[in-house]
Structure formats: structure tokens, C-alpha cells
Amino acid sequence: MKIAFTSCFSATVFAQQPIWRQILAHKPDALVLTGDSIYIDELTHPTHPKAMADFEFLRLVAAKYRQQLAQADFAALIAAVPTYAIWDDHDFLWNECYEEKAIQKKVYAGHIRASRALFNAYCAHLEGRQQFPADDSDARLWDADEPAPGYRRVVLDVPGGAAVHLHLTDGRSWRVNRTLLGAKQRTDIGLAMEAAPAHTLHLVASGSVIEAHKGDQWGSFEDLAWLRELAKEHCIACLSGDIHANDFHRIPTDNGRMVYDFTASGAAIRRAIWIGTECQNFGLLDIDATALRGQWFRFGKPAALTPVTIDRSSWQLQS
């Protein structure tokens, strides 16, 4: 099984997005998008989204999703490959809305409701469950009790191999103080891992990187200790985004086992969103019953980052 993964792209910054053709050429069995499928806070509107009325905000964000879904290479890829997405700050609200405690402010309640509705509709479109609303007045976008995307688990089929479970996390809806995922989401993930067959490979999709890094990271939250505890008993590899670069880290647990963090970020964006070096980054996992192999690509060619192989039985990195 091949799983492609990437994050951070904008049809406003790059109308042409060749990365999707590059990914499709590898014939992946699944694609995981780890956040920032749009940039709500791009400098393309005279009014910052946080200052917009709720309906104006919904119209702005809906238009961005429609623009991305209409991008020809992206549309061709998601039509051919099962695709799953989580969100991060730029497709939730705006850059580092966590810092201003936006989810705790009533003034943004309408924005958050609209953002939830639009992201849920985007995921439904990606997964082939329902077309994205063509009209902003569509009733699906106006549920007063629109749920957060929350946590979802997807069981992926590896022919003749041990199970692979994809855990789609929501790292924005309950990110308060030193809590990243929230107690219920952590409980649900833990129970799902406990109930899984032995030797299941658990892929945790995260908008933030796990290892310490400039800016956003699990290390700033109590959830990292929780994840390391889970990794003492389970084979956990994270697919992360956010940093507009490719990266790989090993995070040790107290008993010597590892959490592996595969980062691929910057599919169609610049290093500083609309300025700086152009990015075209993605990662590819090749999984069978014996090993997990990961490699990274930049502008369609193997990146400088050394490919890795992890033995599924010992859960150790192979030399």
C-alpha cells in the first residue's frame, strides 16, 4: 500500500499546482492532507477575516474551497485516489488563532460555526460522500449546531498484511491552554488503539509537528506525554504538516520504543505563504506486512532527506 501525504496549499497563491500530477504518477492507494487546504487569512481581501460579519466570512471561505476543488490537477487526483483531510489554523480560522484564544471568544462563534460547516462539506466532497455546496445559501452550511470535525478512524487495507489504521485528529477545536486534542478525543483514540488487532500500524494525522520545532509543536502541550505513553504499547507513526518543509523525527518513549514523525508540508505555497521560496513537497509511505518505508519529494524528484525503513515487527529504524 502506498500512502501520499502533504499539506499547505493555496489556489490563490498558485493557480497551477503540478504537485498533484506528481503524486498521481506514483499511483498511491490513499492521500492524506494534514491541514491548511486553504488560507482563510491570505492578504487578498481588504478586510481581515476576523473583522468580517458571519455571512461575509462564510462567502469568503466557501469561495476558497470552491477554487481549490476546481483546480484541475487536484480534482483529477481526488477523483482517482481516496483522500482524507484534517484541518489546521489557516483553514480553521487564521494564523495562530490559538495565541489569541479565538475558540474561547463569543465574537468568533459564528465564524467557527461557518468554518466547521465548510470544512465538513470539503471532507465529504473529498471522500465522495457529497458534492461541495455550489450555493452559499445551501442548508448544509447553516446548521446552528454544526459539529466540529472531531476524531475519525479509517481502516486501510494492506493486501496480505497487518492492519493499518489512519487516525484523523482535530487539533484545533479543543486547543486551549496546554491541551491540544481535548480529553474526549484522546480517550477515543486510546480506546481505538486498544481495540485494534495486535501489530496494527497506527498512522496519526496531525496538523502540527510532534518534535520540537520553531513554532507549532506537540511539545508545547500535555498531549505529547499522552502520545508517548500510547507508543509504549502501539506502533505509532505521525503524518504532520504546517512547516512548509519536509522533515523526519524520532521521539523516544521511556521504554525505548519510538514515535516516528513524518512531515511533508508545502504542496503549493511559498515559505512565508505568499512570499519567499516556492514549495512543492510531499511524502510517500510504502507499507507491507513487514515494513514501513518513507520517502520525500520536492518538485517531483526525491528530496535531500534520506528515505527511511522501519521494521514493523521490532518497530525499529533499519540502517
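How many bridges join strand 1 to strand 2, and do these strands run parallel or antiparallel? In this predicted model, four bridges join strand 1 (residues 2–6) to strand 2, and the two strands run parallel.

**Strand 2 and its neighbours**

- Within the pairing of strand 1 with strand 2, Ile 3 stands opposite Ala 30.
- Strand 1, helix 1 (residues 19–25) and strand 2 together make a β-α-β unit, and this unit is right-handed.
- Strand 2 also pairs with strand 3 (residues 83–86), in the parallel sense and over four bridges, and here Leu 33 stands opposite Ala 85 of strand 3.
- Five of the five residues of strand 2 (residues 30–34) are buried, so the strand is largely enclosed by the rest of the structure.
- In a regular strand the side chains alternate between the two faces of the sheet. In strand 2, Ala 30, Val 32 and Thr 34 point one way while Leu 31 and Leu 33 point the other way, and all are buried.

- Six strands form an open sheet with mixed pairing, and their order is 4-5-6-7-9-8.
- Strand 4 (152–156) and strand 8 (246–252) stand at the edges of this sheet, where each has a single partner strand, so one side of each is left without a neighbour in the sheet.
- From one strand to the next, the twist averages 20°.
- Strand 4 and strand 5 (residues 164–168) run antiparallel and are joined by five bridges; in strand 5, His 167 is the bridge partner of Arg 153.
- Helix 6 (residues 183–195) lies across strand 4, strand 5, strand 6 (201–206) and strand 7 (235–240), and it runs at about 175° to strand 5.
- Helix 7 (residues 223–231) packs on the sheet as well, touching strand 7, strand 8 and strand 9 (258–264), and its direction makes about 140° with that of strand 7.

- Helix 5 (residues 109–126) has 18 residues and reaches 26 Å from its first C-alpha to its last, which is close to the 26 Å expected at 1.5 Å a residue.
- This helix is mostly covered, since 15 of its 18 residues are buried, and it is followed by Gly 128, whose phi is positive, near 75°.
- In soluble globular proteins, nonpolar side chains tend to be buried together. The largest nonpolar core here has 46 residues, of which Trp 20, Leu 33, Phe 74 and Tyr 122 touch the most other members.
- Helix 1, strand 2, helix 2 (54–70), helix 3 (72–80), helix 5 and strand 12 (281–287) are the elements that give two or more residues to this core, and helix 5 gives the most, with nine residues.
- When residues up to four places away in sequence are not counted, Phe 74 touches Phe 9, Trp 20, Leu 33, Gln 68, Leu 69, Tyr 122 and Leu 126.
- Apart from this core lies another, of 32 residues, among them Phe 5, Val 164, Trp 296 and Trp 315.

**Loop residues with positive phi**

- Lys 27 lies in the loop between helix 1 and strand 2, and its phi is near 55°, a positive value in a residue other than glycine. Its relative accessibility is 68%, so Lys 27 counts as exposed.
- His 199 lies in the loop between helix 6 and strand 6, and it has a positive phi of about 70° although it is not a glycine. Its relative accessibility is 58%, so His 199 also counts as exposed.

**Strand 15 and its partners**

- Strand 13 (residues 291–298) pairs with strand 15 in the antiparallel sense over four bridges, and Gly 294 stands opposite Val 308 of strand 15.
- Strand 15 is also joined to strand 16 (residues 316–317) by two bridges, and these two strands run antiparallel; in strand 16, Gln 316 is the bridge partner of Asp 311.
- The hairpin of strand 15 and strand 16 has four residues between the strands, and in it Trp 315 takes a positive phi near 55°.

Conventions
Residues are numbered from 1 along each chain as its sequence is written. This is a predicted model: local features need pLDDT of at least 70, side-chain atom pairs count only at pLDDT 80 or more; totals for chains, interfaces and linings use all residues. Side-chain values use heavy atoms; hydrogens and water are left out. Buried means under 20% relative accessible area, exposed over 50%, partly exposed in between (1.4 Å probe, protein chains only). Two strands pair if DSSP finds at least two bridges between them. A crossover is right-handed if, with the strands pointing away from the viewer, the path from the first strand over the helix to the second runs clockwise. Axes are lines fitted to C-alpha atoms, for helices over the stretch in contact, and angles run from 0 to 180 degrees between N-to-C directions. Contact means heavy atoms within 4.5 Å. The expected span of a helix is 1.5 Å times one less than its number of residues. A nonpolar core is a set of buried Ala, Val, Leu, Ile, Met, Phe, Trp, Tyr and Cys residues joined through side-chain atoms within 4.5 Å.
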